[in-house]
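Work through the exercises below with the sequence and the 3D structure at hand. Each task is followed by a solution in steps.

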Amino acid sequence: MRKKWFPWLVAALIICVQSWQTAQAQNWQPTSAPTNLYWTSIASSADGQRLIASASGGSGGEPGLIYTSTNSGATWATNNVPNLSWNAVASSADGRTLVA
């Protein structure tokens, strides 16, 4: 007796495989974010356009800065904040309210 759920299972597996192949085809692009830091936290707006990230200095325990991006991480800017050991950052859904 053939199970009624079998065609649905096959369809679901095909969709999963196609989705996985699409994800595999995406490429990462380098950005202007510094590469010599230890990144401690990152947060994003709901649409992924606005990002905030905190970093510590080169050895991992030194004070660091907070960086923001308004274009999904293509470019990054430092902010007028003290050079401290920032542990965590958060963003509102629209990305206009940021906390550290």
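A residue counts as buried under 20% relative accessible area, as exposed over 50%, and as partly exposed in between. The model used here is predicted.

**Exercise 1.** Find the aromatic pair and classify its geometry.

Solution. A search of the whole structure gives one aromatic pair. Its members are tryptophan 39 and tyrosine 67, with ring centres 5.3 Å apart and planes at 65°. Planes over 60 degrees apart count as edge-to-face, so this pair is edge-to-face. Tryptophan 39 belongs to strand S1 (residues 38-44) and tyrosine 67 to strand S3 (residues 66-69), so the pair links distant parts of the chain, 28 residues apart.

**Exercise 2.** Decide for tryptophan 39 and tyrosine 67: buried or exposed, or in between?

Solution. Tryptophan 39 has 37% relative accessibility, so this residue is partly exposed. Tyrosine 67 has a relative accessible area of 9%, so tyrosine 67 is buried.

**Exercise 3.** Which residues make up the largest nonpolar core?

Solution. The six residues are Ala33, Leu51, Ala53, Ala55, Tyr67 and Trp76. Strand S2 (residues 51-56) supplies the largest share of this core, three residues. Apart from this core lies another of five residues, including Ala43, Ile52, Trp86 and Val89.

**Exercise 4.** Which residues line the largest pocket?

Solution. The lining consists of Trp28, Gln29, Thr31, Leu51, Ser72, Gly73 and Trp76. Sorted by type, three are nonpolar, four are polar and none is charged. The space in this pocket is about 180 Å³.

Key. Residues are numbered from 1 along each chain as its sequence is written. This is a predicted model: local features need pLDDT of at least 70, side-chain atom pairs count only at pLDDT 80 or more; totals for chains, interfaces and linings use all residues. Side-chain values use heavy atoms; hydrogens and water are left out. Rings of Phe, Tyr and Trp (its six-membered ring) pair if their centres lie within 6.5 Å; planes under 30 degrees apart count as stacked, over 60 as edge-to-face and the rest as tilted. Helices (H or I, at least four residues) and strands (E, at least two) are DSSP runs, numbered from the N terminus. Buried means under 20% relative accessible area, exposed over 50%, partly exposed in between (1.4 Å probe, protein chains only). On a 1 Å grid over the protein atoms alone, a cavity is a set of points where a 1.4 Å probe fits but cannot get out, and a pocket is an open set with protein on both sides within 12 Å along at least five of seven lines; lining residues have an atom within 4 Å of a point. Grid points are joined across faces, edges and corners, and a volume is the space filled by probe spheres set on the points. Ala, Val, Leu, Ile, Met, Phe, Trp, Tyr, Cys and Pro count as nonpolar, Asp, Glu, Lys and Arg as charged, and the others, Gly among them, as polar. A nonpolar core is a set of buried Ala, Val, Leu, Ile, Met, Phe, Trp, Tyr and Cys residues joined through side-chain atoms within 4.5 Å.
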